[in-house]
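Q: Could you help me read this structure? I would like to start with a term that I keep meeting.

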Amino acid sequence: CLVCLLQHVEVPVPTPSKDELLLKLEAASINPFDWRLQKGKARPILPRKFPFIPGTDVAGEVLEVGSGVENFKAGDKVVAMLSLLGGGALAEYAVAKQSLTILRPAEVSAAEGATLGIAGLTAHQALTQAASVKLDGSGPLKNILITAASGGVGHYAVQLAKLGNTHVTATCGARNVDLVKSLGADEVLDYKTPDGAALKSPSGQKYDAVIHCATYIPWSTFEPNLSAKGKVIDLTPIPTTFCTYAMQKLTFSKKQIEPLLMIPKGENLDFLVKLVKEGKLKTVIDSKHPLSKAEDAWAKSMDGHATGKIIVFKVYGSPSAVKNVDAEACEHTKKATVTMSMSGKLMHAVWYDSYGGGSAGLKHVEVPAPTPGKDEVLLKVEAASLNPVDWKTQKGMFRPLLPRKFPHIPVTDAAGEVLEVGPEVKDFKVGDKVVAMLNPTGGGGLAEYAVAKQSLTVLRPPEVPAADGAALVVAALTAHQALSQSVGVKLDGSGPRMNILVTAASGGVGHYAVQLAKLGNAHVTATCGERNLDLVKSLGADEVLDYKTPEGASLESPSGQKYDAVIHCASSIPWSAFEPNLSPTGKVIDVTPVLSTFWTYAVKKLTFSKKQLLPMILTPKSENMEYLVKLAKEGKLKTVIDSKYPLSKAEDAWAKSIDGHATGKIIVEP
């Protein structure tokens, strides 16, 4: 049991030599290379000695620099590739060579940075050196095939290839076809279909190069699909690869297979980081695991079905690491949770001190970290999610009720780690990962630390990233309450069939409402902008209308359905547009009610109208939050994230939300 051979240990913090940096690690990325070393695939070369701390791809903060280091200083945020000989990524601290360390801009999260090492560099070298693709688009048109295109290397290879002048065909499993298309692939094959297994281009292309990221596929399958001088770049070569390569060289074959041995270069890593910063290279993260559960990440990688990259992150306590032991023992060392007192600690926060001002009214401040009350938990915020109610509160739409006082730290939706618990808190302990809805009157989400009531805090499993967890709170709870309580949809599918219309279905509430409605026995019609039609269809909508077309503006179902209920997430649609499209007892649930909503509601009630407009005021419940987190864990509820911003750029996230055209949720990460 390779996973069982991982042991959690307490070890001395490493010391950097003259050309090295000591890093406090924030994230590390697992590669198949890591567990193949443990399996003995590179013996006797690697590992050099046991015990061995595995992993090479990291992101973190510089704590100390060697005497010969000139380009970095303590406090710098960096991305680094550690030495293949020494490893060290599955730990709290590690040393990295200056030559393979790159500054990480605020726009690149630690998780994104940590994924770029082996996977990003391998894709880059395969395309630019082995396949001679010019990533500035200046080269001749090339037809490229990428196998296992939803994997760690493959999903980068698709995006990098499309920066060049290429036509990209890709293979992956059926569940990832839409994902790989969204990365830019021109054609995508399900590898389990006959055409996928044969690697045949649907458009009849012959491949100038194959970036082969999958396991063994015989040369006989590649050969008929290659152009006259086509080559296969094998990223995970085995002995037969080298034999075939040698034979083709000896016979002067024009079609060739070429084993790739990646040579990391700092300038290439820097190039990839810049692409991520500019939004030209996106990282797909399969799952995140705390260092205390590194064996779960290890097992996930060995399973071989990850979509994108697997991340290990660190919760800081006493110096610890995970080492690979050359022994049969499988007993894990148990470590006590370290409680950190926050008394007197200052934190970075964003607040506003008067009504109005929009994003320009936000101010960055250093203030004391809050102290939890008797029934509260103190959180280290890992992600916060913006909602329109946040900037509407700043605008003064809820005065004099909200905010209760100035200055006010806004945002209620948060995910993070429990640092302290009040004396009456029984359901949580220090170190727990949670999702929480902060007090609407107090807010507090745009900060490094926040307090949350135990009653509106739920545990967050490793399968649910912090960003996804934070996104669920107001938006998903609103969609859940609108459907299950206001409409009466049974989300287990046991209720009668209903026809549901969801307006603004690509927005925060709307994209959850589509998915939740489909869990019930519902036919879903949805409206959104033209650019999001395919996205909303992929979420499960049966019919999608562009709201700018005549049909979309009239809200008429393409199949002639009359709606039993409308989950109305948009603004400024008059009752006259809804009324003719409703069934005899149809109702419109307005999740962002204005004064006219309440007026129409009252008139409908007074006149005993069977068709009704119902304003909805969210009543959050922890059991509903738990249900939504469970759906997210099981993959039944997906979060669409429009964009992520560091806390230092919170005003940009604020402006994006006010703009009103976000697709899904906007996240701020302290």
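This is a predicted model: local features need pLDDT of at least 70, side-chain atom pairs count only at pLDDT 80 or more; totals for chains, interfaces and linings use all residues.

Q: Then is Asp 270 buried, exposed or partly exposed?
A: Asp 270 has a relative accessible area of 26%, so it is partly exposed.

Q: Which residue does Asp 270 form a salt bridge with?
A: The partner is Lys 274, and the closest N and O atoms of the pair are 3.5 Å apart. Lys 274 is also partly exposed, because its relative accessibility is 46%.

Q: Where do Asp 270 and Lys 274 sit in relation to each other?
A: Both belong to helix α9, residues 266-277. They are four residues apart there, which means that about one helical turn separates them.

Q: Why would such side chains pair at all?
A: Side chains of opposite charge can pair when their charged atoms come close.

Q: How many salt bridges are there?
A: The count comes to 23 salt bridges. One of them joins the side chains of Lys 300 and Asp 286, at 3.6 Å from N to O. Lys 300 is in helix α10 (residues 294-303) and Asp 286 is in strand β13 (residues 285-290), so this pair ties together parts that are 14 residues apart in sequence.

Q: And what about Asp 642, which residue does its side chain meet?
A: It meets Lys 656 in a salt bridge, 3.7 Å from N to O. Asp 642 lies in strand β29 (residues 641-646) and Lys 656 in helix α19, so here too parts 14 residues apart in sequence are tied together. Asp 642 is partly exposed at 23% relative accessibility, and Lys 656 is partly exposed at 28%.

Q: Which residues are joined into a network by salt bridges that share partners?
A: Glu 26, Glu 61, Lys 77 and Arg 104 are joined into one network in this way.

Q: New topic: helices. At what angle do α12 and α18 cross?
A: The axes of α12 (residues 466-487) and α18 (residues 622-633) cross at roughly 105° and come within 10 Å. Angles of 65 to 115 degrees count as roughly perpendicular, and these two helices are therefore roughly perpendicular to each other. Among the residues making the contact are Leu 472 and His 480 of α12, together with Tyr 627 and Leu 628 of α18.

Q: Which residues of α11 are buried?
A: They are Asp 390, Trp 391, Lys 392, Thr 393 and Gln 394. Their cover includes β18 (376-385) and α19 (650-659). Just after α11, Gly 396 has a positive phi of about 95°.

Q: Which residues form the nonpolar patch on the surface?
A: Val 389, Met 397 and Phe 398 form it, with about 240 Å² of accessible area together. Phe 398 is placed in the loop between α11 (388-395) and β19 (413-421).

Q: What is the peptide bond from Phe 406 to Pro 407 like, cis or trans?
A: That bond is cis, with omega near -5°, and Pro 407 is in the loop between α11 and β19. The bond from Phe 50 to Pro 51 is cis as well, with omega near -5°.

Key. Residues are numbered from 1 along each chain as its sequence is written. Side-chain values use heavy atoms; hydrogens and water are left out. Patches are made of residues with over 30% relative accessible area and no salt bridge: like charges are joined within 9 Å, nonpolar side chains (Val, Leu, Ile, Met, Phe, Trp, Tyr) within 5 Å. Accessible areas come from the Shrake-Rupley method with a 1.4 Å probe; for residues, only the protein chains shown count as cover. A salt bridge is a side-chain nitrogen of Lys or Arg within 4 Å of a carboxyl oxygen of Asp or Glu. Axes are lines fitted to C-alpha atoms, for helices over the stretch in contact, and angles run from 0 to 180 degrees between N-to-C directions. Angles under 35 degrees count as roughly parallel, over 145 as roughly antiparallel, 65 to 115 as roughly perpendicular and the rest as oblique. Contact means heavy atoms within 4.5 Å. Buried means under 20% relative accessible area, exposed over 50%, partly exposed in between (1.4 Å probe, protein chains only).
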